[in-house]
Amino acid sequence: LSTSSSTTALTIRLTGMGVTDEKVLGLDPSSIDFGDIPLGESRTRDIWLWNAGSAGSATLANVGTLGEELRVDSFSAAIPFELTTGTHFSLRAVISPQTPGKKTAQLFFLTQLPGFEATQEIQVRYRGISNMQPATSD
């Protein structure tokens with residue numbers, strides 16, 4: 001928008017659905033190292049969550065991976081669940097690699113508040129090691 005006046009403020013009224021840059025979910029740590037996990041095995045790590053917003057109760061609606069490199073075997077809490085403002089919650093994640101080699105993957109958390117959804121991610125580092133033994137002959 002432009003105007004030829006340099007001293008007059010321009011006011012435009014808007015209505016409708018919008019977005020917010022308010023941080024809804026607090027995560028600690030922001031990066032998890034799962035170390036050397038053989039393929040077909042899993043490891044467990046604790047993740048602290050809290051409602052970092054000011055809008056009251058939020059719902060943790062979903063948790064998962066953004067690719068096929070990792071499989072989330074289980075979480076220590078039934079999802080969805082409510083996160084009230086200021087309440088900290090420990091979520092235990094059991095994760096297993098699906099591809100060999102040193103990898104970085106993303107674990108995402110989808111949070112819902114009335115009117116919008118927010119997604120945050122934790123970086124997951126691991127080294128999927130093949131547990132297959134080389135063939136031998138006599």
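A salt bridge is a side-chain nitrogen of Lys or Arg within 4 Å of a carboxyl oxygen of Asp or Glu. In this predicted model, the side chains of Asp-73 and Arg-71 meet that definition, with an N to O distance of 2.6 Å. Asp-73 is partly exposed at 32% relative accessibility, and Arg-71 is likewise partly exposed, with a relative accessible area of 43%.

The structure holds four salt bridges, and three of them are described here, including the Asp-73 and Arg-71 pair.

A salt bridge also joins the side chains of Arg-127 and Asp-36, at 3.5 Å from N to O. Arg-127 belongs to strand S9 (residues 116-129) and Asp-36 to strand S2 (residues 31-38), so this pair ties together parts that are 91 residues apart in sequence. Arg-127 counts as partly exposed, at 37% relative accessibility. Asp-36 has a relative accessibility of 48% and also counts as partly exposed; the cut-off for exposed is over 50%, so a value of 48% stays in the partly exposed class.

The side chains of Glu-41 and Arg-43 form a further salt bridge, with 3.5 Å between N and O. Glu-41 is partly exposed at 37% relative accessibility, and Arg-43 is partly exposed with a relative accessible area of 28%. Buried means under 20%, so Arg-43 at 28% does not fall in the buried class.

The distances are listed below.

| Salt bridge | N to O distance |
|---|---|
| Arg-127 and Asp-36 | 3.5 Å |
| Glu-41 and Arg-43 | 3.5 Å |
| Asp-73 and Arg-71 | 2.6 Å |

Note on methods: Residues are numbered from 1 along each chain as its sequence is written. This is a predicted model: local features need pLDDT of at least 70, side-chain atom pairs count only at pLDDT 80 or more; totals for chains, interfaces and linings use all residues. Side-chain values use heavy atoms; hydrogens and water are left out. Helices (H or I, at least four residues) and strands (E, at least two) are DSSP runs, numbered from the N terminus. Buried means under 20% relative accessible area, exposed over 50%, partly exposed in between (1.4 Å probe, protein chains only).
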